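I opened the model today to go through its loops, sheets and helix contacts. These are my entries in the order I looked things up.

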Amino acid sequence: MKKRWLGAVAAAVLMAAVLAGCGQKEVSQDFYAMDTAMNIRAYGSHAQDAINQCVQYINGLEQDISRTQEDSELYALNHADGKPVELSEQTADVLGQALRLAEETEGCFDPTTAPLSDLWGIGTEQAKVPAQAEIDEALALVGYQRVQLDGTSASLPAGARIDLGGIGKGYAADHVAQLLRDAGIKQAVITLGGNIYVLGEKEDGVPWTVGITDPDNPGDYFATLSVSDTSIVTSGDYERYFEQDGKRYCHIFDPKTGWPAETDLRSVTVVSACSTEADAYTTALFVMGYDRARAFCEEHDIEAIFVRNDQTVYVTDGLRDKFSLTSLEYTYEE
């Protein structure tokens, strides 16, 4: 068995390195939260104070929505044996957003896949291919429709588990961007693991240039995007996976089968002013596969970049004038 997990520091740097800076005084801070390395770079005289506030916010959010910290609200909900749990307004909001996006994507994004994650153990030393009977048992606990949310009161069946990791960093990025705006910061780059948010433009009014990770060579990028005041979120089969008997099993699960998603895609990047939605969409689109995902983007006006197994790249209309291939290994699909 061969196991690979991109380290959090590498993921933060490689997923979307901002390739051009800003002329103002730069303040940059690295920190670790939500099980990944993070960095916030902001520009201006009050940048350090603003960044400190953002780090404090992210740590507080993690304290609420972590499913592993035993004093978190989500941990309490997951271990309430079916009884209702009163959540803070913020935790209820994150959960509500997750359930809304699960319904919109017809369950391709589903925050209740934690029993599958625990069973497969991808990203841990215990990664393995479970028996089908074990998968079926875990699947019986999966389904966003099982979650009851009434205002700030939530409940789920005994044994079911919610994991908000598939949306938490996007939610954090949206709020951090607003905190920076409220502090008067006009230019910033927020890197929360694989979630990037660029605030404003560079000082000369030119968009930021962001590199998109090459799935076949995660130490490099295969293309760039020129973007302003938006988020860029990528999910791919290269992020966390293990190999057994020559087959790769990635960390993105198909909630309908209980197996890691097997599609004709290597990665999906979504560009959106709402990082919360982009976070969920990347997972859902990857699970859907290329044809269904492309149709979904057209129906819901989602801007995305698809890297297919044959190294062809499809870019939705709204991104084509912002997108540039930098690798000769990939072919642009018109």
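The model is predicted, so I kept to local features with pLDDT of at least 70. Met 34 sits in the loop between β2 (26-33) and β3. Its phi is near 50°, a positive value in a residue other than glycine. I noted this because most residues other than glycine have a negative phi.

I then looked up Asp 81. Its phi is also positive, near 55°, and Asp 81 is not a glycine. The residue lies in the loop between α3 (73-78) and β4 (85-86). Is Asp 81 buried or exposed? With 60% relative accessibility, Asp 81 counts as exposed, since the cut-off is over 50%.

**The nine-stranded sheet**

Next I traced the strand order of the sheet that holds β7. I read β2-β3-β7-β8-β11-β14-β15-β16-β18, an open sheet of nine strands with mixed pairing.

β2 and β3 run antiparallel and are joined by eight bridges. In this pair I found Val 27 opposite Ala 42 of β3.

The next partner along is β7. Strand β3 (residues 36-43) pairs with β7 in the antiparallel sense, over six bridges. Here Arg 41 stands opposite Val 189 in β7.

How many residues of β7 are buried? I found that six of the six residues in β7 (residues 187-192) are buried. In a regular strand the side chains alternate between the two faces of the sheet. I checked which way each one points. Gln 187, Val 189 and Thr 191 point one way, while Ala 188, Ile 190 and Leu 192 point the other way. Both sets are buried.

On to β8. Strand β8 (residues 195-199) runs antiparallel to β7, with five bridges between them. I noted Ile 190 opposite Tyr 197 of β8. The hairpin of β7 and β8 has two residues between the strands, and Gly 193 there takes a positive phi near 65°.

**Helices on the sheet**

I looked up which strands the helices lie across. Helix α7 (residues 165-182) lies across β3, β7 and β8, and runs at about 20° to β8. Helix α8 (residues 275-288) lies across β8, β11 (230-236), β14 (265-272) and β15 (303-308). I read its angle to β14 as about 160°.

**α7 against α8**

These two helices pack at an angle of about 155°, with axes 7 Å apart. That makes α7 roughly antiparallel to α8, because angles over 145 degrees count as such. The crossing is right-handed. On the α7 side I listed Gly 166, Ile 167, Gly 168, Lys 169, Gly 170, Tyr 171, Ala 173 and Asp 174. On the α8 side I listed Ser 275, Thr 276, Asp 279 and Ala 280. By class, the contact of α7 with α8 has four nonpolar, five polar and three charged residues.

**α4 against α8**

Helix α4 (residues 89-104) packs on α8 at an angle of about 45°, and their axes are 10 Å apart. That makes α4 oblique to α8. I read this crossing as right-handed. Gln 97, Arg 100, Leu 101 and Glu 104 of α4 make the contact with Thr 276, Glu 277, Ala 280 and Tyr 281 of α8. The residues in the contact of α4 with α8 divide into three nonpolar, two polar and three charged.

**The three-stranded sheet**

My last entry is on the open sheet with the order β9-β10-β17, three strands with antiparallel pairing. β9 (208-214) and β17 (323-325) are at the edges with a single partner strand each, so one side of each has no neighbour in the sheet. Neighbouring strands here are turned by 35° against each other on average, direction ignored. I followed strand β10 (residues 217-227) to β17 and found three bridges, in the antiparallel sense. In that pair Thr 224 stands opposite Ser 324 of β17.

Notes. Residues are numbered from 1 along each chain as its sequence is written. This is a predicted model: local features need pLDDT of at least 70, side-chain atom pairs count only at pLDDT 80 or more; totals for chains, interfaces and linings use all residues. Side-chain values use heavy atoms; hydrogens and water are left out. Buried means under 20% relative accessible area, exposed over 50%, partly exposed in between (1.4 Å probe, protein chains only). Helices (H or I, at least four residues) and strands (E, at least two) are DSSP runs, numbered from the N terminus. Two strands pair if DSSP finds at least two bridges between them. Contact means heavy atoms within 4.5 Å. Axes are lines fitted to C-alpha atoms, for helices over the stretch in contact, and angles run from 0 to 180 degrees between N-to-C directions. Angles under 35 degrees count as roughly parallel, over 145 as roughly antiparallel, 65 to 115 as roughly perpendicular and the rest as oblique. A crossing is left-handed if the near helix is turned anticlockwise from the far one by less than a right angle, and right-handed if clockwise. Ala, Val, Leu, Ile, Met, Phe, Trp, Tyr, Cys and Pro count as nonpolar, Asp, Glu, Lys and Arg as charged, and the others, Gly among them, as polar.
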